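Open your viewer, load the model and keep the selection tool at hand. We will go from one stop to the next, and at each one you will hear what to pick.

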Amino acid sequence: MTSPANKYGPETSLPVQQSYVNGAYLPSKTGETFENRYPGNDEVICEVEVAGQAEIDAAVTAASDAFESWSQSPAAERSEILLSAASILRSRNSELAELESLDTGKPIAETSVVDVITGAEVIEYFAKVIQAIGGRHVDLPPAAFALMRREPLGVCAGIGAWNYPIQIAMWKSGPALACGNTMVFKPAEQTPLTALRLAEIYTEAGLPAGVFNVVQGAAGTGSALVSHPGVAKVTLTGSVETGKIVLEQAARELKKVTLELGGKSPIVVFDDADFDNALNAALVGNFYSSGQVCSNGTRVFVHAPIYEEFVTQLAQRTQAIRVGDPFDPATQMGPLVSREHYEKVLGYMELARKSGARHLCGGDAISEGDLARGYYVTPAVFANCQDDMEFVKDEVFGPLMSVLPFESEEEAILRANDTPFGLAAAVFTTRLDRAHRVANALRAGIVWINAYNVTPPEVPFGGFKESGLGRENGLEAIESYTQIKTIYTNLGGVEKTY
Ligand code: NAD
């Protein structure tokens, strides 16, 4: 971990933020702005200009013009620019982490070791693999052969969620740009800041103007971007609800779509598991980023013989989590991202209390002292939950863990799979046969055995069922940012049919 740069803090106020188009900031003609607030104290950090149709047109035109030469540039050149951007991002990690903590309220202890770093890792991975990606040749004797060229798609629209703003922008732009596409990225309206720094850094690294653009705004801006005729592909990270709207809109022009959506993932802990590992995973898989992680394991199924001891220790460890000022390096959990989300999460805490489940700890708004101004909620654990309780079924996206006892392997699999989501899952056991049997049976895009929320760039990440379409990361992401062109070559004559 690098030491904090102290460039940004809770008192930071910034000038009006704009969109970034064609290598420079672009003032908006809409005259509309929205407020960006610091979740730690509810103070306005800055105003942000909304991108309207004129700015979206300008961004898509810039990206479209830049596509001509960027897509034709040697992979080695693209790779060098992306690696240079990743190196600048790493060297400015402390400052960017502070800006991310300001925008999201996530503790500096997290943002300084995860957000920028895991984004840079993905850019580096795609910058490195792209030179090894080629097409295919098929011999078609006696007198023909075919070439399968892998070609970029064109202008890709990236739309981000607010929980990992800069990481999401890098997870989308890294593979898109490496493959020769250009991008117009719209960050979530709650967290507009770090995508702009990413755009500046790409420019500094030598990325030609127009290859990566940022437009600011909420659903209206996102929707106008998705439906823009110049956009070839849309990649969204967001809620299931938004995913369905975006898919429907993109379908009108048969645009390619990747969707990284929500989840309500299960963690299944057997009595033969390493108890402490399972406990550590359940805690980090529920409370990291104040529970605002799409792949969090919010339904923790625990084998009956160890159930009581497990919930007792979960409650003790949860109560010891240090909730506080995101800029204090000792803070383990910050506030939620926005007032609207805070109220939604508190509503689920209330539902949980009234559900009949056993309330072990937490779920309170902090209403005294300095933290009372921010959107702070203490981490909550509810035991003896029922599968059909509303807070157990819905994605809460906050620090609310449900613990559910089970008796047998078959029962655990059935109940873990009984959800419309399928983003992630985990099984904790020391038995090799059981680990793989359960991992194969769990219906999720990623299943961890004796681990949780580990997402290296080399392995694909994405959802089954309503948790999404397509995959980010791994070589699979190359497929989603390219299309195959078959070139059939005839070395013989053409038969005279008529
Ligand atoms: P959201 O769906 O409200 O918003 C996501 C983005 O979509 C924002 O930029 C928003 O402005 C934009 N948007 C909203 N309506 C739109 C429309 N009609 N057309 C185009 N764009 C539109 O989600 P959120 O509240 O920002 O994020 C939380 C959700 O994201 C959770 O459900 C979480 O699970 C999910 N998420 C998933 C992953 C993943 O990788 N699977 C990662 C992080 C977050």
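Is alanine 59 buried or exposed? Select alanine 59 and find out: it is buried, with a relative accessible area of 0%. Buried here means under 20% relative accessible area, exposed means over 50%, and partly exposed is in between (1.4 Å probe, protein chains only).

Before moving on, a word about what is on your screen. This is a predicted model, in which local features need pLDDT of at least 70 and side-chain atom pairs count only at pLDDT 80 or more, while totals for chains, interfaces and linings use all residues. Residues are numbered from 1 along each chain as its sequence is written, and side-chain values use heavy atoms, with hydrogens and water left out.

**Stop 1: around alanine 59**

Colour helix H1 (53–72), where alanine 59 is found. Helices (H or I, at least four residues) and strands (E, at least two) are DSSP runs, numbered from the N terminus. Now show the contacts of alanine 59, a contact being heavy atoms within 4.5 Å. Leaving aside neighbours within four places in sequence, alanine 59 is in contact with Val21, Val184, Asn213 and Val215.

**Stop 2: the whole protein**

Zoom out. The secondary structure comes to 16 helices and 20 strands. The radius of gyration of the protein is 24 Å, close to the 23 Å that the globule rule gives for 498 residues, so the protein is as compact as a globular protein of that length. That radius is taken over C-alpha atoms, and the rule is 2.2 Å times the number of residues to the power 0.38. Along the principal axes, the C-alpha atoms fill a box of roughly 80 × 55 × 40 Å. Of the 498 residues, 58% count as buried.

**Stop 3: the ligand**

Which residues come nearest? Of the 28 residues around the ligand, they are Gly160, Glu189, Ser239, Thr242 and Glu395; a residue is near if one of its heavy atoms lies within 4 Å.

Next, look at individual atom pairs:

- Threonine 242 has an N or O atom in its side chain 2.6 Å from an oxygen atom of the ligand.
- Glycine 238 has a polar backbone atom 3.2 Å from an oxygen atom of the ligand.
- Serine 223 places a backbone N or O atom 3.5 Å from a nitrogen atom of the ligand.

On its own the ligand has 840 Å² of accessible area, and the protein covers 88% of that. Such areas come from the Shrake-Rupley method with a 1.4 Å probe; for residues, only the protein chains shown count as cover. To see which elements build the shell, colour helix H8 (219–226), strand E10 (233–237) and helix H9 (240–251), the elements that give two or more residues to it.

Stay with H8 for a moment. Its buried residues are Thr221, Gly222, Ala224, Leu225 and Val226. They pack against H1, strand E7 (155–159), strand E8 (182–186), E10 and H9.

**Stop 4: a buried lysine**

Select lysine 172, found in helix H6 (residues 165–178). Lysine 172 is buried, with a relative accessible area of 0%. Not counting residues up to four places away in sequence, lysine 172 touches several residues, including Gly158, Phe185, Thr237, Glu472 and Tyr481.

**Stop 5: some loops**

Go to the loop between strand E14 (358–361) and strand E15 (380–383), the place of aspartate 364. At 37% relative accessibility, aspartate 364 counts as partly exposed. Its side chain makes a polar contact with the side chain of arginine 353 (2.6 Å). A polar contact is a pair of N or O atoms within 3.5 Å; within protein, one must be able to donate a hydrogen and the other to accept it, and residues adjacent in sequence count only if both atoms are side-chain atoms.

Then pick proline 142, in the loop between strand E5 (136–140) and strand E6 (144–152). The peptide bond from proline 141 to proline 142 is cis, with omega near 10°.

Finish at asparagine 22, in the loop between strand E1 (19–21) and strand E2 (24–26). Asparagine 22 has a positive phi of about 55° although it is not a glycine, and with a relative accessible area of 44% asparagine 22 is partly exposed.
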